[in-house]
Amino acid sequence: MSTTEQLTAIVERVREATKSLSGDEFRLREIAFEKLLEHELSNGGPSNGAATLAPLETPADTDSLDTSYSTPEMRAEAVARYFGISQEDAFDLFDLSSDEPVLQIQSSKLDTSVAGAVREIALLVCGARTALGIETGSKDIREPADQYKRFDSNFNKHLTDFDLIAVRGKSRSPNRLVRMRVIGAEAARALAQRLVSNGG
């Protein structure tokens with residue numbers, strides 16, 4: 001595969017990954033597209049013995065734009081914008097000290113049923129990771145579910161039966177791709193806003 005074909009394939013993959021975001025979600029789609037494309041290009045795509053994207057790099061690339069969220073404050077701003085909450089509230093919901101957000105709400109604020117809590121965790125985790133341009137795997141949801149003692153043998157079913165997210169990959173895969181649907185993004189915002197409100 002030539003370098004041009006590789007670039008075309010990468011852009012097409014990213015376009016496919018973000019196509020569910022449309023209409024009112026256009027700005028969010030732009031952000032997600034930019035972050036996913038940046039991620040794909042930095043990884044150089046899959047290696048299959050063909051030329052990778054690395055040869056395209058030149059010394060001039062050292063002056064290229066750095067669009068990463070390099071500080072906790074930048075990450076909080078992105079998460080806050082996604083959920084429609086303040087940066088302080090973003091810090092209340094997530095530990096943003098590292099590149100990947102870590103859910104840190106009180107366990108008592110989650111739904112009392114296991115299925116409901118797993119789905120709330122999925123909305124929050126997937127939403128924060130989407131805001132930061134990071135892919136979400138089912139393990140990224142399983143880990144906080146286990147931490148909050150909301151993990152059970154029906155974990156995968158709780159996710160696959162949830163119509164606000166899309167779960168890809170084989171049913172026995174230990175880490176399936178999880179994507180937020182547009183209606184899921186709306187529900188995630190409402191949930192985050194409720195959790196940080198006085199009555200949350």
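Buried means under 20% relative accessible area, exposed over 50%, and partly exposed in between, with a 1.4 Å probe and protein chains only. This is a predicted model, in which local features need pLDDT of at least 70 and side-chain atom pairs count only at pLDDT 80 or more, while totals for chains, interfaces and linings use all residues. Residues are numbered from 1 along each chain as its sequence is written, and side-chain values use heavy atoms, leaving out hydrogens and water.

Q: Why is Phe 94 called buried?
A: Phe 94 has a relative accessible area of 1%, and the cut-off for buried is under 20%. Phe 94 is therefore buried.

Q: What makes Phe 151 partly exposed?
A: Its relative accessible area is 38%, which lies between the limits of 20% and 50%.

Q: Why is the aromatic pair of Phe 83 and Phe 94 called stacked?
A: Rings of Phe, Tyr and Trp (its six-membered ring) pair if their centres lie within 6.5 Å; planes under 30 degrees apart count as stacked, over 60 as edge-to-face and the rest as tilted. Phe 83 and Phe 94 are 6.0 Å apart centre to centre, with 15° between the planes.

Q: What makes the pair of Phe 151 and Phe 155 tilted?
A: The angle between the planes is 40°, which falls between the 30 and 60 degree limits. The centres are 5.3 Å apart.

Q: Why are α5 and α8 called roughly perpendicular?
A: Their axes cross at roughly 100°. Angles of 65 to 115 degrees count as roughly perpendicular, under 35 as roughly parallel, over 145 as roughly antiparallel and the rest as oblique. The two helices are therefore roughly perpendicular to each other.

Key:
Axes are lines fitted to C-alpha atoms, for helices over the stretch in contact, and angles run from 0 to 180 degrees between N-to-C directions. Helices (H or I, at least four residues) and strands (E, at least two) are DSSP runs, numbered from the N terminus.
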